[in-house]
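Subject: The structure, and what turned up in it

Hi there,

Here is the structure I promised to pass on. Please open it next to this email and follow along.

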Amino acid sequence: MSLSERYRQVLAEIAEAAVAANRPADDVHLIAVSKTHPVALVDELAALGQVDFAENRIAELCEKQASSQASGARWHLIGQLQTNKVKLLTSETIVHSLDRPSLAEKLQQHFTNSKVRCLIQVNCSGEASKSGVLPADFDTLAEVVSKQPSIQVLGLMTMAEHSESEAVVRRAFADLRTLSRRVTEQKLFQGFEGWLSMGMSGDFRHAIAEGATHVRIGTAIFGQR
Ligand SMILES: *Cc1c(COP(=O)(O)O)cnc(C)c1O
């Protein structure tokens, strides 16, 4: 299959999964994960109408942002961000991996006179290999983040366990949705928009069933890395 065929298939599967979950077909946004793939593929996908792109390394994101011909592209950082790399960030990039107080404070220092849009990454599955704040530590982090006037928390992000069990995968996504509802009810962040960034090539159908608003898909569009 060509890039455009894979892209259209993924879009159709996202819409199908939304409808199956009694949601409008256009309820779920696709973020195309272009990490390790050449910028030419970003441009090709942008020409087909794709707007949102994600990288997991800030250096690679900056390179592609600078060399891409796609004028309307919107970039997302989905990998861990070291505090010493925060200086590379611009306020156009949406950070999905805010996971610790020191990073929140560093972001505030860097964006003193502007805004940075973030999602808090939560380690719902509790696996040691996964990044993200543990649910037990969420409130402590939330309190620090809410004191940083330059950070707008758009929503929450998680990665599910790699498991054959649908129940195990869905539990992580359901936990994130429950946490998001509490954030809304308790008004923990001003400007919170309830984004649920969850679901990748292997599990986006389950994520959509559990309320994902943004799915991050690489392999199913671009092929193996
Ligand atoms: C690489 C990556 C994805 C995309 O994974 P695929 O399985 O290729 O769809 C999504 N989210 C994060 C955080 C990633 O690092």
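Predicted model: local features only at pLDDT ≥ 70, side-chain atom pairs only at ≥ 80, totals over all residues.

Let me start with the cysteines: a disulfide here is a pair of cysteine sulfur atoms within 2.5 Å. In general terms, a disulfide is a covalent bond between the sulfur atoms of two cysteines.

Residues are numbered from 1 along each chain as its sequence is written, and side-chain values use heavy atoms, with hydrogens and water left out.

**Cysteines**

How many disulfides does the rule give? The count comes to zero. The sulfur of Cys118 has its closest cysteine sulfur in Cys62, 15 Å away, which is too far for a bond. Seen from the other end, the closest cysteine sulfur to that of Cys62 is the one in Cys118, again at 15 Å and too far for a bond.

For surroundings, I call a residue buried under 20% relative accessible area, exposed over 50% and partly exposed in between (1.4 Å probe, protein chains only). Cys118 is buried, at 0% relative accessible area, whereas Cys62 is partly exposed at 24%.

**A strand pair**

Helices (H or I, at least four residues) and strands (E, at least two) are DSSP runs, numbered from the N terminus. Two strands pair if DSSP finds at least two bridges between them. Strand β1 (residues 29-33) and β8 run parallel and are joined by four bridges. Ala32 is the residue that stands opposite Ile217 in β8.

In a regular strand the side chains alternate between the two faces of the sheet. In strand β8 (residues 214-217), His214 and Arg216 point one way, Val215 and Ile217 point the other way, and all are buried.

**Pockets**

Rolling a probe the size of a water molecule over the atoms shows where empty space is left. A pocket is an open set of points on a 1 Å grid over the protein atoms alone, where a 1.4 Å probe fits and protein lies on both sides within 12 Å along at least five of seven lines; lining residues have an atom within 4 Å of a point. Grid points are joined across faces, edges and corners, and a volume is the space filled by probe spheres set on the points.

The largest pocket holds about 560 Å³ of space. It is lined by 28 residues, of which Met159, Met200, Ser201, Gly202 and Asp203 are the closest to its centre. Both α6 (166-185) and β8 supply at least two residues each of this lining.

For the classes, Ala, Val, Leu, Ile, Met, Phe, Trp, Tyr, Cys and Pro count as nonpolar, Asp, Glu, Lys and Arg as charged, and the others, Gly among them, as polar. On that basis the lining of the largest pocket has eight nonpolar, 12 polar and eight charged residues.

The second largest pocket holds about 160 Å³. Its lining includes Lys115, Val145, Phe189 and Ile151. By class, this lining has six nonpolar, five polar and one charged residues. The largest share of it, three residues, comes from β6.

Ile151 lies in strand β6 and is buried, with a relative accessible area of 7%. Its C-alpha atom is separated by 30 Å from that of Arg205, 54 residues apart along the chain.

**Aromatic pairs**

Rings of Phe, Tyr and Trp (its six-membered ring) pair if their centres lie within 6.5 Å; planes under 30 degrees apart count as stacked, over 60 as edge-to-face and the rest as tilted. The count comes to two aromatic pairs. The rings of Phe53 and Trp75 have centres 5.7 Å apart and planes at 35°, so this pair is tilted. Phe53 lies in strand β2 (residues 52-55) and Trp75 in strand β3 (residues 74-77), so the pair ties together parts that are 22 residues apart in sequence. Phe53 and Trp75 are both buried.

The rings of Phe189 and Phe192 have centres 6.1 Å apart and planes at 40°, so this pair is tilted. Phe189 and Phe192 are buried.

**Two backbone angles**

Thr36 has a phi near 70°, a positive value in a residue other than glycine. Thr36 sits in the loop between β1 and α2 (39-47) and is exposed, at 53% relative accessible area. Lys187 has a positive phi too, near 50°. Lys187 belongs to the loop between α6 and β7 (195-197) and is exposed at 71%.

Happy browsing!
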